[in-house]
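I opened a new model today and kept notes as I went. My entries follow the order in which I looked things up.

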Amino acid sequence: MPQIPEKIQELTVGQLAARSGAAVSALHFYESKGLIHSRRTSGNQRRYSRDALRRVAFVRAAQRVGIPLATIREALAELPEGRTPTEEDWARLSRSWRSELDERIKQLNRLRDHLTDCIGCGCLSLETCVLSNPDDAFGERRAGSRLLVERRASAFGGGRRPSRAQEPEMPCCGD
């Protein structure tokens with residue numbers, strides 16, 4: 001990894017890319033999203049302050065654990081401009097994200113646990129499939145395959161439901 005002398009307080013986009021491991025295009029993207037900032041020289045070249053190295057590392061680590069860029073931007077906005085995020089900053093921000101990550105882990109575990117049942121069935125029924133209908137959002141109203149019929153109802157005149165004779169047969173689990 002190329003070393004940058006301490007006396008250099010600003011980095012070119014190439015130096016920042018080499019030191020951070022991020023592609024130049026990623027750095028431009030991060031800048032467009034307000035995650036890092038640069039100034040322009042008289043020749044219109046980008047110059048990043050040294051703290052951009054830590055900010056890029058922070059962004060990449062947060063992305064690896066699935067934190068959305070908008071959330072990362074909000075977190076970085078809490079930090080003073082021109083200061084490298086400290087270990088305390090990271091600890092504070094990661095604590096605030098912990099419950100969100102715990103909830104995502106629970107959701108992924110539920111999906112994993114139900115995947116075998118779903119693949120074994122093969123129907124992907126809106127009535128019973130926990131992958132197609134994870135919270136049974138429509139189960140209270142009616143059986144799953146009827147949901148598609150409701151959407152087609154508007155084609156039969158102003159939202160009226162088609163008669164039973166007009167409803168297409170929709171096979172479902174166990175049919």
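**Ground rules.** I am working from a predicted model, where local features need pLDDT of at least 70, side-chain atom pairs count only at pLDDT 80 or more, and totals for chains, interfaces and linings use all residues. Residues are numbered from 1 along each chain as its sequence is written, and side-chain values use heavy atoms, with hydrogens and water left out.

**Whole chain.** I looked up the secondary structure and found six helices and three strands. Both are DSSP runs numbered from the N terminus (helices H or I, at least four residues; strands E, at least two). Their order along the sequence is β-α-α-β-β-α-α-α-α. The chain has 175 residues, and 27% of them are buried. I took buried as under 20% relative accessible area, exposed as over 50% and partly exposed as in between (1.4 Å probe, protein chains only). The accessible surface is about 11,500 Å², and carbon and sulfur atoms hold 52% of that. I used Shrake-Rupley areas with a 1.4 Å probe; for residues, only the protein chains shown count as cover.

**Helix 4.** I checked residues 69-77 next. Leu 69, Thr 71, Ile 72, Ala 75 and Leu 76 are buried there. They sit on the same side of helix 4, because their arc around the axis is only 155°. That arc is taken over the directions from the helix axis to the C-beta atoms. Glu 74 and Ala 77 are exposed, on the face turned away from the buried side.

**Core.** Which residues touch the most other members of the largest nonpolar core? They are Leu 16, Leu 27 and Ile 72, in a core of 24 residues. Helix 1 (13-20), helix 2 (24-32), helix 3 (51-64), helix 4 and helix 5 (87-121) each give two or more residues to this core. Helix 3 gives the most, with six. Such a core is a set of buried Ala, Val, Leu, Ile, Met, Phe, Trp, Tyr and Cys residues joined through side-chain atoms within 4.5 Å.

**Ring pair.** I searched for aromatic pairs and the count is one. Phe 58 and Trp 97 form a tilted pair, 6.1 Å centre to centre with 50° between the planes. Phe 58 lies in helix 3 and Trp 97 in helix 5, so the pair ties together parts 39 residues apart in sequence. My rule pairs rings of Phe, Tyr and Trp (its six-membered ring) with centres within 6.5 Å; planes under 30 degrees apart are stacked, over 60 edge-to-face, the rest tilted. Phe 58 is buried at 5% relative accessibility. Trp 97 is buried at 6%.
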